[in-house]
Amino acid sequence: MSSSTSTTSTVEPATPVEAVRVADPYPYYARLVAERPFAFDEVLGAWVAADAAAVRAVLGSGALRVRPVAEPVPAGIAGTAAGEVFGELVRMTDGAAAARLKGVVAEALAGADLGHAGALASRFTREVLAEGGEVPYEELMFGVPARVVAALSGLTDGADREAARAIADFVRCIPATATPADHRAAARAATRLRELLAPPLASAPPAPPPHATPAAGPAPRPPYPAPRANGLLRELVAAAERSGWAHPGPLLSNAIGFLSQTYDATAGLIGNTLVALARGAGTPDTGALVREVVRYDAPVQNTRRFAAEPFTHAGSTVEPGQQLLVLLAAANRDPAVNPDPDVLSTERVNPLVFTFGAGAHRCPGGELATVLATAVVTELRRAGWSTTATPAYRPLANARIPLL
């Protein structure tokens, strides 16, 4: 589901991007926080925000965008189904319309049944483990969370598995390193995901008032029975109606976004929690451990911003057209906001965590990712799994995902 190529190194990384996949990037991040909290990196050709103050300022600035102004959609997928979906994802767009749609998406996710999501993740994990053989960490880290989100969107009877496979292909178009083959796979996947999600989205009624009887769903359609209009898509439609949002296309794209946002982040959170346990984090409270791993060993280590207007911080000015690398993982361990940041402690009270972003583009799916990771890791602990404390990491630019 993700590249199996690995790179693990004890050598200090040359850039913050390389830091994502080394064995221990945190001493390097700590030096950046202490010595270069906001500075231009000549190797990357980008500004780097490392400490909490810089990261907070960057994420909260209206002068910065999530995509280059001249290339709102990656050139390799422009004009394809993948490009159309990408261009409507609230995480990839700015402006008043995007902010309004972001409110709809956030409201839908806030209405998700997290208890049901956790129960599904537990059941799917047990089913995978019951197949026997070596523990299939890839399926547990990537496939199970994607299947849960698909099921929450009403996809069942095999459609959930197909959606999980398709989203694995779709997210291949997102990195800047994506190849033409990745772009073609993403375009095919986007087309199929639209086909899978359009019927349940179109049939989803608003969330019923208390004690109301839900309306009956439509008749079955091949190749899968029409999914029940429930869960995330029902919440999405209800939130759209409350806000007066009347454009179905962006809703469909962001239904696909529910799957894509879950993919790498949840996989990294599951994997990094398992690594923490292998290194001796012996707490019985798996949920508390997962929440601390979100800060301590962030599954999403960095994100990027692009200057549309001048941006000034700490006496330095980023000019329009320049880009910024925002080190979420470094800010999580800034001692100015989190005391004893290099200690993994499940007893922290209200830590400041940047992993899921902040400001207008804060990821609204963070709680769902935490619930899914907790359920998967809990089932693995019950099953007596074992893994390595010194894994290799996938050669990704922003997601820290171990190879187990």
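1. A word on naming before we start: helices are DSSP runs of at least four residues, numbered from the N terminus. Please also keep in mind that this is a predicted model.

2. With that naming in hand, turn to the second largest pocket. Two helices, α12 (286-296) and α14 (366-382), each supply at least two residues of its lining. The largest share comes from α12, which gives four residues.

3. How much space lies in the second largest pocket? The computed value is about 370 Å³. There are 16 residues lining this pocket, and R291, V294, V353, E367 and T370 are the closest to its centre.

4. Now move to another pair of helices, α10 (residues 231-243) and α11 (residues 248-278). Their axes lie 11 Å apart, and the two helices pack at an angle of about 140°. Angles over 145 degrees would count as roughly antiparallel, and α10 and α11 are therefore oblique to each other. The crossing of α10 past α11 is right-handed.

5. Which residues meet where α10 and α11 touch? On the α10 side they are L232, L233, L236 and A240, and on the α11 side L251, A255 and F258. By class, this contact has seven nonpolar residues, with no polar and no charged ones.

Definitions and conventions
Residues are numbered from 1 along each chain as its sequence is written. This is a predicted model: local features need pLDDT of at least 70, side-chain atom pairs count only at pLDDT 80 or more; totals for chains, interfaces and linings use all residues. Side-chain values use heavy atoms; hydrogens and water are left out. Axes are lines fitted to C-alpha atoms, for helices over the stretch in contact, and angles run from 0 to 180 degrees between N-to-C directions. Angles under 35 degrees count as roughly parallel, over 145 as roughly antiparallel, 65 to 115 as roughly perpendicular and the rest as oblique. A crossing is left-handed if the near helix is turned anticlockwise from the far one by less than a right angle, and right-handed if clockwise. Contact means heavy atoms within 4.5 Å. Ala, Val, Leu, Ile, Met, Phe, Trp, Tyr, Cys and Pro count as nonpolar, Asp, Glu, Lys and Arg as charged, and the others, Gly among them, as polar. On a 1 Å grid over the protein atoms alone, a cavity is a set of points where a 1.4 Å probe fits but cannot get out, and a pocket is an open set with protein on both sides within 12 Å along at least five of seven lines; lining residues have an atom within 4 Å of a point. Grid points are joined across faces, edges and corners, and a volume is the space filled by probe spheres set on the points.
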